[in-house]
Amino acid sequence: MERTKQQVETRSAAETQALAAALAAEMPPGTVLCLHGDLGAGKTCFVQGLAKALGVRRPVGSPTFTLINEYRGTKPLAHIDLYRIRGAGDAFGLGLEDYLFHHGGIVAIEWAERVAELLPEGCWHVRMEPGAEGEESRRVTVERPAREFLSD
Ligand SMILES: Nc1ncnc2c1ncn2[C@@H]1O[C@H](COP(=O)(O)OP(=O)(O)OP(=O)(O)O)[C@@H](O)[C@H]1O
Ligand SMILES: [Mg+2]
């Protein structure tokens with residue numbers, strides 16, 4: 001599958017959310033979005049931007065204990081955090097396959113690398129790292145299927 005990669009530097013949480021909101025418009029139904037980056041990198045912040053773009057009213061927090069939070073918006077949004085699971089075996093108990101393969105909205109997964117072997121080929125990947133411009137800067141790398149593959 002042909003993929004495209006872009007890199008953006010954001011300088012605040014608000015800028016990361018705006019980037020996420022802009023990208024949300026390009027995510028077809030059923031998009032699985034894997035978020036990578038250390039604790040505090042800004043993965044949840046990115047999901048908050050998606051939620052805003054989808055018109056979600058409920059505040060989006062960390063699904064650290066529930067592992068999965070679902071929100072109603074113009075498309076349904078599932079927010080999953082796999083930090084606490086050990087591997088693919090645990091994921092089956094969560095019904096993760098349904099989210100990966102049968103969800104009609106956007107499925108955003110923090111710490112998706114925990115279940116690397118289960119992820120569909122067409123996933124989007126967003127990697128968040130410290131940026132070069134101080135405390136509040138982040139380098140955001142977005143890798144996704146090339147556009148022409150989305151239309152068929
Ligand atoms: N450019 C930026 N982009 C995103 N978040 C930023 C940025 N600058 C500062 N922040 C702050 O960094 C923190 C990111 O926290 P967040 O919960 O999103 O991290 P996380 O990657 O989800 O961590 P965890 O793995 O613990 O869930 C927030 O407090 C946010 O306000
Ligand atoms: Mg988080």
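## A covered helix

Helix 2 is mostly covered, with eight of its eleven residues buried; buried means under 20% relative accessible area, exposed over 50%, and partly exposed in between, using a 1.4 Å probe and protein chains only. The buried residues of helix 2 are Lys43, Thr44, Cys45, Phe46, Val47, Gly49, Leu50 and Ala51. They pack against helix 1 (13–24), strand 2 (31–36), strand 4 (77–81), strand 5 and strand 6, where contact means heavy atoms within 4.5 Å. Just after helix 2, Gly55 takes a positive phi of about 75 degrees.

Beyond its neighbours within four places in sequence, Ala51 is in contact with Val56, Val60 and Leu77. The C-alpha atoms of Ala51 and Thr74 are separated by 9.5 Å, and the two residues are 23 apart along the chain.

## How to read this model

This is a predicted model, in which local features need pLDDT of at least 70 and side-chain atom pairs count only at pLDDT 80 or more, while totals for chains, interfaces and linings use all residues. Residues are numbered from 1 along each chain as its sequence is written, chains are lettered from A and ligands numbered from 1 in the order in which they are written, and side-chain values use heavy atoms, with hydrogens and water left out.

## The magnesium site

Which residues coordinate the magnesium ion (ligand 2)? They are Thr44, through OG1, and Glu110, through OE, at 2.1 to 2.2 Å. This pair links distant parts of the chain, since Thr44 sits in helix 2 (residues 43–53) and Glu110 in strand 5 (residues 106–110), 66 residues apart. Donors are N, O and S atoms within 2.8 Å of the metal (3.2 Å for Na, K and Ca); water is not among the atoms, so sites may look incomplete. Both Thr44 and Glu110 are buried.

## Two loop residues

Trp111 is found in the loop between strand 5 and strand 6 (124–130). Trp111 has a positive phi of about 60 degrees although it is not a glycine. Most residues other than glycine have a negative phi. Is Trp111 buried or exposed? At 12% relative accessibility, Trp111 counts as buried.

His103 lies in the loop between helix 4 (96–101) and strand 5. With a relative accessible area of 16%, His103 is buried. Not counting residues up to four places away in sequence, His103 touches Gly30, Glu70, Pro76, Ala78 and Asp98.

## The whole protein

Stepping back, the protein has four helices and seven strands, following the pattern β-α-β-α-β-β-α-α-β-β-β along the sequence. Helices (H or I, at least four residues) and strands (E, at least two) are DSSP runs, numbered from the N terminus. The radius of gyration is 14 Å, close to the 15 Å that the globule rule gives for 152 residues, so the protein is as compact as a globular protein of that length. That radius is taken over C-alpha atoms, and the rule is 2.2 Å times the number of residues to the power 0.38.

The C-alpha trace spans about 40 × 40 × 30 Å along its principal axes. Buried residues make up 47% of the 152 residues.
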